[in-house]
Amino acid sequence: QVQLVESGGGLVQAGGSLRLSCAASGRTFSSYAMGWFRQAPGKEREFVAAITWNGGRTYYADSVKGRFTISRDNAKNTAYLQMNSLKPEDTAVYYCAADISSANIRSGKPTNWGQGTQVTVSS
């Protein structure tokens, strides 16, 4: 079990940047793979990015490759999503996720979810 709290969401103009943070508590953070999902109005929740427990592997949805970067700082029990070159279609509620297996995150079935944080990208 791990508890996740996102922060860093907000409103930004197209082409701008935001960095989301996900602070974890509970079980040892370094034992968990971490990920990010998003859900836009009227759309299904979709996978955005994932990172393995040791940070050795990262995974991205095609729609964000080259623009978003997932990272983690195990000493701070925190994962990050750096979002650059934001587009209006990136507007969504972004959710942090954690699981002992990155495969569970990539398949859309993480054990733990954060509460979500709104990201709005204006035209």
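User: In which sense do β4 and β9 pair, and over how many bridges?

Analyst: This is a predicted model, in which local features need pLDDT of at least 70, side-chain atom pairs count only at pLDDT 80 or more, and totals for chains, interfaces and linings use all residues. Residues are numbered from 1 along each chain as its sequence is written, and side-chain values use heavy atoms, with hydrogens and water left out. Strands (E, at least two residues) and helices (H or I, at least four) are DSSP runs numbered from the N terminus, and two strands pair if DSSP finds at least two bridges between them. For β4 and β9 the sense is antiparallel, and the count is seven bridges.

User: Which residue in β9 stands opposite M34?

Analyst: M34 belongs to strand β4, residues 33-39. The residue of β9 that stands opposite M34 is A98.

User: Which residue in β10 stands opposite A98?

Analyst: Strand β10 covers residues 112-113 and joins β9 through two bridges in an antiparallel arrangement. Opposite A98, β10 places N112.

User: What is the bridge partner of Y94 in β11?

Analyst: Strand β11, residues 117-122, runs antiparallel to β9 and is joined to it by three bridges. Within β11, the partner of Y94 is T117.

User: How many of the eight residues of β9 are buried?

Analyst: Buried means under 20% relative accessible area, exposed means over 50%, and partly exposed lies in between, using a 1.4 Å probe and protein chains only. β9 is mostly covered, and its buried residues number seven.

User: Is M34 buried or exposed?

Analyst: M34 lies in β4. Its relative accessibility is 0%, so M34 counts as buried.

User: Which residue in β3 stands opposite V5?

Analyst: β1 and strand β3, residues 18-26, run antiparallel and are joined by six bridges. Opposite V5 stands A23.

User: Which residues does S21 touch, not counting residues up to four places away in sequence?

Analyst: S21 is placed in strand β3, and it counts as buried because its relative accessibility is 16%. Contact means heavy atoms within 4.5 Å. By that rule S21 touches V5, E6, S7, W36, T78, A79 and Y80.

User: How many salt bridges does a search of the whole structure find?

Analyst: Side chains of opposite charge can pair when their charged atoms come close. A salt bridge is a side-chain nitrogen of Lys or Arg within 4 Å of a carboxyl oxygen of Asp or Glu. The search finds four.

User: How far apart in sequence are the parts that D90 and R67 tie together?

Analyst: D90 forms a salt bridge with R67, with the closest N and O atoms 2.7 Å apart. D90 lies in the loop between β8 (78-83) and β9 (92-99), and R67 in the loop between β6 (58-60) and β7 (68-73), so the parts tied together are apart in sequence by 23 residues.

User: Which residues are linked with R67 and D90 in a network of salt bridges?

Analyst: R38 forms a salt bridge with E46, their closest N and O atoms being 2.6 Å apart. R38 is buried at 5% relative accessible area, whereas E46 is partly exposed at 33%. The residues linked with R67 and D90 in the network are R38 and E46.
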